[in-house]
Amino acid sequence: MTANRFATRLNSFASRPQAEWPDLVGKPSMLQMAARAAKVAGLTDLDLNFPDHVDEKRAEMAQKLGDLGLSVNGFAMRYYSNPAFKLGAFTNPDPAVRREAIDLTKAGIDAAREAGTNLMTLWLGQDGFDYAFQADYAALWQHEIDGIREVTAHDPDCQISLEYKPNEPRSYSLMPDAATTLLAIREIGLPNLGVTLDFAHVLYADEQPAFAAALVARHSKLLGVHLNDGYAKRDDGLMVGAVHTLQTIELLRQIRRDGYAGAIYFDTFPDMTGLDPVHECEVNIATVKRMLRVVERLEKDNRLSTAVDRQDAVASQAIIQEAMLGPDS
């Protein structure tokens with residue numbers, strides 16, 4: 001894994017809008033937020049939401065971002081255009097609404113390709129249920145599988161990545177964890193389908209991030225890594241390493257060992273509390289670079305592999321703390 005591609009959540013750059021655009025009326029445009037993001041030292045890529053951030057001139061839009069020094073890492077689908085999607089997109093009880101969601105996703109894939117990227121991330125948080133006796137679970141699962149299979153087959157050269165999350169907005173998501181997501185991918189059986197791991201989502205799925213990454217590498221492929229942090233109760237979107245420093249380093253080590261070659265994407269929420277988004281993103285990049293240097297030191301330390309082979313937690317913790325903080329004297 002290289003550390004030369006860093007992407008970010010574009011909507012983060014709507015944080016503290018008056019500091020950037022004192023005369024702004026309404027919300028900043030996609031290009032206004034992108035121009036602000038371009039001020040981040042070390043940022044190389046943006047991810048764009050479809051259809052929110054994308055107009056009809058996709059190639060021209062990508063060129064404008066290129067002029068700012070930014071590439072398009074990928075697109076992410078958002079199912080807000082029809083209020084009926086609140087009851088499900090691919091799993092909606094109305095076949096016409098399911099068809100609308102599938103066709104919208106195909107249009108998003110086409111738009112991504114026109115913008116020069118071959119990555120589409122699907123977060124299907126609206127596909128789930130809230131009450132006992134609300135849904136026929138077998139039918140719900142079949143609708144989900146059928147929808148994902150159809151959009152994945154739409155363009156075999158576009159990588160489709162499933163980003164799982166235990167809940168929100170639905171009380172129960174159909175894709176709540178790594179195992180269920182991998183089960184769906186196995187059932188669909190298409191080679192351009194994989195997984196995006198969002199660190200905060202993984203935490204509150206009660207998973208160890210590096211273990212989830214190892215499972216993905218074993219049974220599918222890792223197409224996206226969203227770094228952030230939180231207290232494992234919800235999607236806090238805190239800065240990288242703010243709470244789970246060791247787990248973040250372990251995840252970076254795992255994906256490096258598994259050959260992950262994609263961008264590191266920051267899915268943090270400076271806009272929730274009005275943080276300076278440029279400085280926040282720069283600190284995230286610097287933190288990951290420092291963590292990767294720790295990973296490099298650990299990979300050269302034969303003591304760690306020996307400790308891990310013995311499952312000697314005391315020895316491994318001592319080695320990691322020394323790699324992070326230096327010797328005790």
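**Exercise 1. Two packed helices**

In which kind of crossing does helix 10 pass helix 12? Describe also how the two helices are oriented.

*Solution.* The model under study is predicted.

Step 1. Locate the elements: helix 10 covers residues 277–299, and helix 12 covers residues 313–325.

Step 2. Consider the geometry. The axes of the two helices lie 9 Å apart, and the helices pack at an angle of about 130°.

Step 3. Classify the angle. Angles of 65 to 115 degrees count as roughly perpendicular and those over 145 as roughly antiparallel. Helix 10 and helix 12 are therefore oblique to each other.

Step 4. State the handedness: the crossing of helix 10 past helix 12 is right-handed.

Step 5. Identify the residues that meet. Helix 10 contributes V294, R297 and L298, while helix 12 contributes I319, I320, A323 and M324.

**Exercise 2. A second ring pair**

Classify the pair of Y79 and F90, and decide whether Y79 is buried or exposed.

*Solution.* 

Step 1. The ring centres of Y79 and F90 are 5.9 Å apart, with their planes at 70°. Planes over 60 degrees apart count as edge-to-face, so the pair of Y79 and F90 is edge-to-face.

Step 2. Both Y79 and F90 lie in the loop between strand 3 (71–77) and helix 4 (95–114), 11 residues apart.

Step 3. With a relative accessible area of 5%, Y79 is buried. F90, at 1% relative accessibility, counts as buried too.

Step 4. Ring pairs join Y79 and F90 with F85 in a cluster.

**Exercise 3. Two arginines**

Over the ring of which residue does the charged end of R36 sit? Describe the surroundings of R36 and those of R58.

*Solution.* 

Step 1. R36 is part of helix 2 (residues 30–37). Its relative accessible area is 4%, so R36 is buried.

Step 2. The charged end of R36 sits over the ring of W21, at 5.3 Å from the ring centre.

Step 3. Neighbours within four places in sequence are left aside. The remaining contacts of R36 include F13, E20, W21, P277 and V278.

Step 4. R58 is found in helix 3 (residues 58–67). At 10% relative accessibility, R58 counts as buried.

Step 5. Beyond its neighbours within four places in sequence, R58 is in contact with F50, A111, E114 and A115.

**Exercise 4. A partly exposed glycine**

What is the relative accessible area of G66, and how many Å separate G66 from K233?

*Solution.* 

Step 1. G66 lies in helix 3. Its relative accessible area is 37%, so G66 is partly exposed.

Step 2. G66 and K233 are 38 Å apart in space, C-alpha to C-alpha, and 167 residues apart in sequence.

Definitions and conventions
Residues are numbered from 1 along each chain as its sequence is written. This is a predicted model: local features need pLDDT of at least 70, side-chain atom pairs count only at pLDDT 80 or more; totals for chains, interfaces and linings use all residues. Side-chain values use heavy atoms; hydrogens and water are left out. Rings of Phe, Tyr and Trp (its six-membered ring) pair if their centres lie within 6.5 Å; planes under 30 degrees apart count as stacked, over 60 as edge-to-face and the rest as tilted. Helices (H or I, at least four residues) and strands (E, at least two) are DSSP runs, numbered from the N terminus. Buried means under 20% relative accessible area, exposed over 50%, partly exposed in between (1.4 Å probe, protein chains only). A charge sits over a ring if NZ of Lys or CZ of Arg is within 6 Å of the ring centre and within 35 degrees of the ring normal. Axes are lines fitted to C-alpha atoms, for helices over the stretch in contact, and angles run from 0 to 180 degrees between N-to-C directions. Angles under 35 degrees count as roughly parallel, over 145 as roughly antiparallel, 65 to 115 as roughly perpendicular and the rest as oblique. A crossing is left-handed if the near helix is turned anticlockwise from the far one by less than a right angle, and right-handed if clockwise. Contact means heavy atoms within 4.5 Å.
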